[in-house]
Amino acid sequence: WPTPGRVTSIEGLEAAKAVRGVRHIFLRAKVGDLIQDYVDCATRVAFVIAAGATRDDATESAQRAVDLLKFVTEPA
């Protein structure tokens, strides 16, 4: 996540931010950036920070936000 290539658009950011429990979303890529193959956490394109009454609640909120956030890419 996402598919390597040049970012043509980023979709779902506002919907992801609106998920209950989501506290912060940090994007490390923008439209026009080239995304390489994921090799380690240093190459992540986004971070989602979520909180909840339980660990499971926080994990569910974070995953819901990730599912909504889409980096659309095209081959470089």
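Colleague: Which residues does serine 61 touch, not counting those up to four places away in sequence?
Modeller: Keep in mind that this is a predicted model. In it, serine 61 touches Val19, Arg20, Gly21, Val22 and Ala50.

Colleague: And is serine 61 buried or exposed?
Modeller: Buried, because its relative accessible area is 6%, under the 20% cut-off.

Colleague: Where does serine 61 lie?
Modeller: In helix 2. Helix 2 has 14 residues and reaches 20 Å from its first C-alpha to its last, close to the 20 Å expected.

Colleague: OK, which are the buried residues of helix 2?
Modeller: Ala58, Ser61, Ala62 and Ala65. They sit on the same side of helix 2, because they cover an arc of only 95° around the axis.

Colleague: Why would residues three or four places apart point the same way?
Modeller: Because an α-helix has 3.6 residues a turn.

Colleague: What do the buried residues of helix 2 pack against?
Modeller: Helix 1 (13–17), strand 2 and strand 4.

Colleague: Switching to the largest nonpolar core, how many residues has it got?
Modeller: The largest nonpolar core has 14 residues. Val22, Ile25, Val45, Val48, Ala65 and Phe71 have the most contacts inside it. Strand 2 (22–27), strand 4 (46–50) and helix 2 (55–68) are the elements giving two or more residues to this core.

Colleague: Tell me about valine 45. Where does it lie?
Modeller: Valine 45 lies in the loop between strand 3 (34–35) and strand 4. It counts as buried because its relative accessible area is 7%.

Colleague: And what is valine 45 in contact with, leaving aside neighbours within four places in sequence?
Modeller: Trp1, Pro2, Phe26, Leu27, Arg28, Ala29, Ile35 and Phe71.

Colleague: What about phenylalanine 71, with its neighbours within four places left aside?
Modeller: Phenylalanine 71 is in contact with Trp1, Pro2, Val7, Ser9, Ile10, Leu27, Ala29, Ile35, Val45 and Ala46.

Colleague: Which strand gives the most to the lining of the largest pocket?
Modeller: Strand 4, with 4 residues.

Technical notes
Residues numbered from 1 in each chain as written. Predicted model: local features only at pLDDT ≥ 70, side-chain atom pairs only at ≥ 80, totals over all residues. Heavy atoms only, no water. Core = buried A, V, L, I, M, F, W, Y, C linked by side-chain atoms within 4.5 Å. Buried < 20%, exposed > 50% of the residue type's maximum accessible area, 1.4 Å probe, protein only. Contact = heavy atoms within 4.5 Å. Expected span 1.5 Å × (residues − 1). Arc of directions from axis to C-beta.
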